[in-house]
Amino acid sequence: MSKFSSLCNNIIDFGTKKSNTRTEKVVKITPHHMAGNILAGDCAKMHRDGNREASANYYIGSDGFIVGGVSEDRRAWTSSSGWNDQRAITIEVANNSGEPNWTVSDAAYKSLVKLCADICKRYGIDPHCTKTKDGTITYHQMFAATSCPGPYLKGKFDNGTFEKDIKAAMGGEQNKPEVSDVLYRVQVGAFKKADNARAMNDRIKNAGFDTYLIKVGDLYKIQVGAFAKKENAEAMEKQIRYFGFTDTFITTQSGAAVKLDGTAKKSNTEVAKEVIAGKWGNEPERSKKLKAAGYDAEAIQSIVNELMR
Ligand SMILES: [Zn+2]
């Protein structure tokens, strides 16, 4: 089972792709820069599906969006050093400016600090940059001739700002639970027909999103996420739209969860034959059972009538 921080806004699981079994204990964190302003999910997909031998455990976008890529219990290919990456959780961070400063946005930096605080807590790491590979905060330039992580982040690592910020996050805010009565969800589609809902649901899942299927009235609705903060739902919506699902909106509406997977794969005609064979019992229970399984009971009944004529 893959292992990711609960702070992830989304997970684009690499599985065993572009990584190796981790043979060392996690004792370091290595933040990198993407050398571009790339959405976290896009960078993860580029790494996972592209030809370059590159990967990371996490990706952070300029919007502060955190995406899990290579599971924490696997060694990612990030820092040009097997020695380092076997011992480190690696994080790619988007830049909101190019050469020479390679700055990162405040939102991205905040997410980076939050994620590092979470990692430090879970692995018992004391965040400290010694400007050598022996510290617990390491960076790419220690292992290869590269501009990564760029002067902006490197400056914060070297002058102690970064570790101070992580420690503050570990002690403070991090412990406060988020309290909210309202949950924001991204709705991606609403369908009358279970088959259409299933097809859309599969497409969204294939794009790497976890979906919820709910039933409100006679509509199957596909939603992604449940966020206490509207900004997080909006960030998720942006990510989803980026994958070409543009008919989305933010909603606070919830509904009864329904499961379509595997249960309703048969055609109406097939089910009608089952009805005739007595597999679905008698009315009025039959209609209820059919509806619960995601079928259109009326449509099936009319096929049954046809077949029985
Ligand atoms: Zn790097």
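## Buried helices and a covered strand

Let's start with helix H7: its buried residues are Ala233, Ala235, Met236, Glu237, Gln239 and Ile240. Keep in mind that this is a predicted model. Overall, the protein comes to 10 helices and 12 strands, and buried residues make up 40% of its 309 residues.

**Helix H7**
- H7 covers residues 230-242, so 13 residues in a row, and spans 18 Å from first C-alpha to last, close to the expected 18 Å.
- Packed against its buried residues are strands S1 (10-11), S8 (184-191), S10 (219-227) and S11 (249-251), along with helix H1 (40-49).
- Past the end of H7 comes glycine 244, with a positive phi near 95°.

**Helix H3**
- H3 takes in residues 106-123, which is 18 residues, and its first and last C-alpha atoms are 26 Å apart, close to the 26 Å expected for it.
- On the buried list for H3 you'll find Ala108, Tyr109, Ser111, Leu112, Val113, Lys114, Leu115, Cys116, Ala117, Ile119 and Cys120.
- The cover over those buried residues includes strands S3, S4 (58-60), S5 (66-68) and S7, plus helix H5 (161-171).
- H3 is followed by glycine 124, and here too phi is positive, near 65°.

**Strand S3 and its partner S7**
- S3 pairs with S7 (residues 88-93) in the parallel sense, over 6 bridges.

**The nonpolar core**
- The largest nonpolar core has 69 residues, and the members touching the most others are Ala40, Ile60, Val67, Ile91, Leu112, Cys116 and Ile300.
- H3 gives this core its largest share, 9 residues.
- Leaving out residues up to four places away in sequence, isoleucine 91 touches Ile29, Pro31, His32, Ala56, Asn57, Tyr58, Ile60, Leu112 and Leu115.
- As a general rule, nonpolar side chains tend to be buried together in soluble globular proteins.

**The whole chain**
- Along the principal axes, the C-alpha atoms fill a box of roughly 85 × 40 × 35 Å.
- Of the contacts with a separation of 6 or more, 71% are between residues 24 or more positions apart.

Notes. Residues are numbered from 1 along each chain as its sequence is written. This is a predicted model: local features need pLDDT of at least 70, side-chain atom pairs count only at pLDDT 80 or more; totals for chains, interfaces and linings use all residues. Two strands pair if DSSP finds at least two bridges between them. Helices (H or I, at least four residues) and strands (E, at least two) are DSSP runs, numbered from the N terminus. The expected span of a helix is 1.5 Å times one less than its number of residues. A residue is buried if 20 or more other C-beta atoms lie within 10 Å of its own, exposed if 12 or fewer, and partly exposed in between; C-beta atoms are placed from the backbone. Two residues are in contact if their C-beta atoms, placed from the backbone, lie within 7 Å. A nonpolar core is a set of buried Ala, Val, Leu, Ile, Met, Phe, Trp, Tyr and Cys residues joined through C-beta atoms within 7 Å.
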